[in-house]
Amino acid sequence: MSMLTMNGIVQNVFITPPSKPDKVTGEIHPEVARVQLLCENIQENGDKKMELQTLKITTPDAYRKLIGKPVSVPVGAMGEGRAKMIFWALKTESMAAKAAA
């Protein structure tokens, strides 16, 4: 069971193409599947802020079937800089990403 879950509405699923070779190492990053979720974030003053979150995923076809539907996705999170968070779908997301009731 995941400690963190991101809830949102699936907006888009896309594949980022492989990267160009790194000039120093020659490394090429493979293509990556991603999903975009429209998430509701409640601010300290109670106002609602809608945010588009993009997550790296392993099962794009499963998410394509859920476009326009609310889902719950187990995620990992890490702080970057002062106030920025980075999220990613956990490897078990294919089993746990499901339409929210």
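Predicted model: local features only at pLDDT ≥ 70, side-chain atom pairs only at ≥ 80, totals over all residues.
Guide: Local features need pLDDT of at least 70 and side-chain atom pairs pLDDT 80 or more, while totals for chains, interfaces and linings use all residues. Residues are numbered from 1 along each chain as its sequence is written, and side-chain values use heavy atoms, with hydrogens and water left out.

Visitor: Why are Glu40 and Lys48 called a salt bridge?

Guide: The term requires a side-chain nitrogen of Lys or Arg within 4 Å of a carboxyl oxygen of Asp or Glu. The closest N and O atoms of Glu40 and Lys48 are 3.8 Å apart, so the pair meets the cut-off.

Visitor: What makes Lys48 exposed or buried?

Guide: Buried means under 20% relative accessible area, exposed over 50%, and partly exposed in between (1.4 Å probe, protein chains only). Lys48 has 56% relative accessibility and therefore counts as exposed. Glu40, at 49%, counts as partly exposed.

Visitor: What makes Asp61 and Arg64 a salt bridge?

Guide: Their side chains meet at 3.1 Å, N to O, so the same rule of within 4 Å applies. Both lie in helix α1 (residues 60–64), three residues apart, about one turn of the helix; helices are DSSP runs of H or I, at least four residues, numbered from the N terminus. Asp61 is exposed at 54%, whereas Arg64 is partly exposed at 37%.

Visitor: How many salt bridges are there by this rule?

Guide: The count comes to three. Among them is Glu51 with Lys49, whose closest N and O atoms are 3.4 Å apart.

Note on methods:
Helix = DSSP H or I, 4+ residues; strand = E, 2+ residues; numbered from the N terminus.
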